[in-house]
Amino acid sequence: MRRIVGWLIVVMMLALVLYVFLAPASRDMRSDVRAQRKAVAAELETLKDHPWAGKYYAGFARGMYLELDVAPQAGFAYTWDTCTNLQSENYGDVSWNDGWLHLQCKLDAEKKRYEIPATEFVLVRWGQRHYLISLDAMGDFISRIIGGNEPRSVPRSRGGYIFLRDGDWEKPAEGLPELPEDYLAVLREMMPPQDGVSHGGDDAAPVSENDTTGE
């Protein structure tokens, strides 16, 4: 099982590298995506301690900035930025059903310019933390826990689509994450005997001065 997870991570990383070099790039965010992000931000200002709404971050600590902003009424806005260019973006409506967040894109996600990592995410709580993780990224998340790279202490770690809510990297992560049962069983099987995972593990370099997560 560890070998399979390891190969999946290698394949994902190669795919990400190829995408960065082959995908068309633009320096400007579409006006409709920008307006959607502002609408989501305005709604988030009115919400307090919402179970899943918020700004979520993923990607590399340097050079790859993924941001997914979600709110119940306004919907979502997604962008993938590098240090110099906007690689992809999308926006649309959201729905929530039994622990799953569903995104309905308004731009054609089949096109690289509007590609998005996934349209369905499960909310994973870990202590006081909130993660949005697609099933495709669940193996990567488990591998990072085993390797001591999650829970992380920065907005983004070195790659992957593990979205963490704004500010949660400063919160403790007691015990084990609340994964779907099948994945939790895999995690328990692969973990060495211990009393859960303590906060502070991270494989990331300090956040780049180009990072805008504090804005």
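**View 1. D69 and its bridge partner across from it in β3.** In this predicted model, D69 has A77 of β3 as its bridge partner. The two strands here, β2 (residues 65-71) and β3 (residues 75-81), pair in the antiparallel sense over seven bridges; pairing takes at least two DSSP bridges between strands. Strands are DSSP runs of E with at least two residues, helices are runs of H or I with at least four, and both are numbered from the N terminus. Numbering of residues starts at 1 along each chain as its sequence is written. Since this is a predicted model, local features need pLDDT of at least 70 and side-chain atom pairs count only at pLDDT 80 or more, while totals for chains, interfaces and linings use all residues; side-chain values use heavy atoms, with hydrogens and water left out.

**View 2. Helix α3 on the sheet.** Helix α3 (residues 138-146) packs on the sheet and touches β6 (120-126) and β7 (129-133), contact being heavy atoms within 4.5 Å. The direction of α3 makes about 25 degrees with that of β6; axes are lines fitted to C-alpha atoms, for helices over the stretch in contact, and angles run from 0 to 180 degrees between N-to-C directions.

**View 3. The barrel.** Eight strands form a closed barrel, β1-β2-β3-β4-β5-β6-β7-β8, with antiparallel pairing. On average, neighbouring strands of this sheet are turned by 30 degrees against each other, direction ignored. Over on α2, the helix packs on the sheet and touches β1, β2, β3 and β4 (86-97), and its direction makes about 125 degrees with that of β3.
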